[in-house]
Amino acid sequence: EGGGGGGKGRAGLRRLFLSRLAERRLLGYALEGWAEASGRPRRRRLARLPRERGGPLVVCLDTSHSMAGGRETIAKSVVLEAVRAAHAQGRPCLLFAFSGASDLAELRLTPAARRGASKRRRDAGSGGAGGSMDRRSLTRLLDFLACGFGGGTDVASPLRRALDVLERPDGADVVYSGADLLLVSDGELPDPPLDPPTAERLRRLRSRQGFEVHGLLVGAPRPTPLDQLCDEVHTCLSRFDPLAVMRERSAARREERLEAAPAWRRAAHRTAPARGGWR
């Protein structure tokens, strides 16, 4: 039936076979090199496009004792720039600074355009909690970042408050619905970081709304309880960690002193067992 067409004939037969297979008009056929295998459903996450240009930003900032010093300064500098840039783009910002179970501070910065839209959506509008990124708003943000608690670390408290805003928004919270959450910490958190009810609330809201939790780790990249909370943990600040910088500088000073030492001492250092380094 193939005729003398060679390749053309085989191609035609293949198309005829596939068309009849698709139409279920074949009387019978045999498969070679075929293995039946049960399909495994793949977990697919739907891409969540922003509802509009730029979305709300919710930040939880760790100000516990382990963050005191250089790490807290780095974290607050990043949060300051992120909030300033987002607010300048007209994006509402909600900040939480936390430490122990009872240590929680909150700041809302709502741009003027959004604040006006929220007023129109409410029957009886009240004054906005935030303002445009003018001198007053910037002062409020700087005053907020200038404070810290310096106690223990309880990440459940700010997450519960953030879930309240995202899960059951009232008239003042509606502009933050659908926001993603940024958690800035050194990773020194309890393990597990959340109590079961809060963890279940977070799981349900993620599944229902599709929002994401991003972690910004201040410190050396390593496994931390932050991994259990976040869809992704970013470690771009690791090279600015004060402890890592101090170690690099100490190593560089040791190398400089070694290069300036006599040759016999350099040789002795290279052959000596590594116990605390050369002094």
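Cys 93 is buried, with a relative accessible area of 0%, whereas Cys 236 is exposed at 51%. Here buried means under 20% relative accessible area, exposed means over 50%, and partly exposed lies in between (1.4 Å probe, protein chains only). A search of the whole structure finds 0 disulfides, a disulfide being a pair of cysteine sulfur atoms within 2.5 Å.

A word on the basis of these values. This is a predicted model, in which local features need pLDDT of at least 70 and side-chain atom pairs count only at pLDDT 80 or more, while totals for chains, interfaces and linings use all residues. Residues are numbered from 1 along each chain as its sequence is written, and side-chain values use heavy atoms, with hydrogens and water left out.

Let us turn to the charges. The structure holds 11 salt bridges, each defined as a side-chain nitrogen of Lys or Arg within 4 Å of a carboxyl oxygen of Asp or Glu.

Helices (H or I, at least four residues) and strands (E, at least two) are DSSP runs, numbered from the N terminus.

Arg 84 and Glu 81 are 3 residues apart in helix α2, so about one helical turn separates them. Arg 84 is partly exposed at 35% relative accessibility, and Glu 81 is partly exposed at 41%.

Glu 200 and Arg 204 lie 4 residues apart in helix α6, again about one helical turn. Glu 200 counts as partly exposed at 31%, as does Arg 204 at 36%. Elsewhere, salt bridges that share partners join Glu 106, Arg 108 and Arg 161 into one network.

Which residues form a positive surface patch? They are Arg 249, Arg 253, Arg 254 and Arg 257. Patches are made of residues with over 30% relative accessible area and no salt bridge, with like charges joined within 9 Å; the place of an Arg charge is taken as CZ. Arg 249 is found in helix α8 (residues 242-260) and is exposed, at 55% relative accessibility.

Technical notes:
Patch = residues over 30% accessible without salt bridge, like charges linked within 9 Å, V, L, I, M, F, W, Y side chains within 5 Å. Areas by Shrake-Rupley, 256 points an atom, 1.4 Å probe, with all protein chains shown as cover. Lys, Arg positive; Asp, Glu negative; His and termini not counted.
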